[in-house]
Amino acid sequence: MEREKTACLTGHRPKYLPWGYNEDFDSCLKFKKDVREIFCDVMARGISCFLTGMAEGFDMIGAEVLIDLRKKNKWIKIIAVVPCKGQELKWTNEQQKRYCKILKKCDEVIVLSQGYTPTCMHERNKYMVEHSRVVIACYNGRSSGTKKTIKFALRAGCDIRVINPEDYK
């Protein structure tokens, strides 16, 4: 992966999204459409590789939008950067199936730790930022891991694109 052609996704889990786990709401469909436009814009600026941390919420939503975009843009590369083996094991069966389906459609899966550690999520975010020129963040302004990732990305000199889920209430 070439940093200058790579973007990563960071964002909130379902509990911080207006629609929660119900992505059939019109607000979520509009959000996905706008995320798609952001992806198309960064692709027009030379981005061809996307890193997703595969957390519930924005990471998986973004990955699915990218998988759909890849149907017409075969050159898009999608890489899952998984913080630890088994990160999905405490999720619902439905979310676990979704996770596995997305992983199978990724071009590559990078697992950073063989088991959970207190720092594995932070290490995943750091890895993605260090390998990206652009960070696409679903961020509502509250203190969170996403906020920390954005701050790290600013220090790393990344371009940052923010989409606020609160705009979709």
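This is a predicted model: local features need pLDDT of at least 70, side-chain atom pairs count only at pLDDT 80 or more; totals for chains, interfaces and linings use all residues.
Me: Before we start, what does "contact" mean here?
Reply: Contact means heavy atoms within 4.5 Å.

Me: Is T146 buried or exposed?
Reply: T146 counts as buried, at 5% relative accessibility. Buried means under 20% relative accessible area, exposed over 50%, and partly exposed in between (1.4 Å probe, protein chains only).

Me: What does α5 lie across?
Reply: Helix α5 lies across β1, β5 and β6, and runs at about 160° to β5. Axes are lines fitted to C-alpha atoms, for helices over the stretch in contact, and angles run from 0 to 180 degrees between N-to-C directions.

Me: Now the sheet. What's the strand order?
Reply: The open sheet has six strands in the order β4-β3-β2-β1-β5-β6, with parallel pairing. The edges are β4 (108-111) and β6 (159-163), each with a single partner strand, so one side of each is left without a neighbour in the sheet. Two strands pair if DSSP finds at least two bridges between them.

Me: How many bridges join β1 to β2?
Reply: Three bridges join β1 (residues 6-11) to β2 (residues 49-52), and A7 has F50 as its bridge partner in β2. On to β3: β2 and β3 pair in the parallel sense over four bridges, with C49 opposite K77 in β3. Five of the six residues of β3 are buried.

Me: F50 again! What does it touch?
Reply: Not counting residues up to four places away in sequence, F50 touches A7, F39, V42, M43, L66, I76, K77, I78, I79 and I136.

Me: Which residues touch the most other members in the largest nonpolar core?
Reply: F31, F39, F50 and I136 do, in a core of 36 residues. A nonpolar core is a set of buried Ala, Val, Leu, Ile, Met, Phe, Trp, Tyr and Cys residues joined through side-chain atoms within 4.5 Å. Helix α2 gives the most to this core, with eight residues.

Me: How do α1 and α2 pack?
Reply: They pack at an angle of about 65°, with their axes 10 Å apart, and α1 passes α2 (residues 58-69) in a right-handed crossing. Among the residues making the contact are F31 and F39 of α1 and L66 of α2.

Me: Last one: which residues of α4 and α5 meet?
Reply: N125, K126, V129 and E130 in α4 meet G145, T149, F152 and A153 in α5. The axes of α4 (residues 120-130) and α5 come within 10 Å and cross at roughly 35°. That crossing is right-handed too, meaning that the near helix is turned clockwise from the far one by less than a right angle.

How values were computed: Residues are numbered from 1 along each chain as its sequence is written. Side-chain values use heavy atoms; hydrogens and water are left out. Helices (H or I, at least four residues) and strands (E, at least two) are DSSP runs, numbered from the N terminus.
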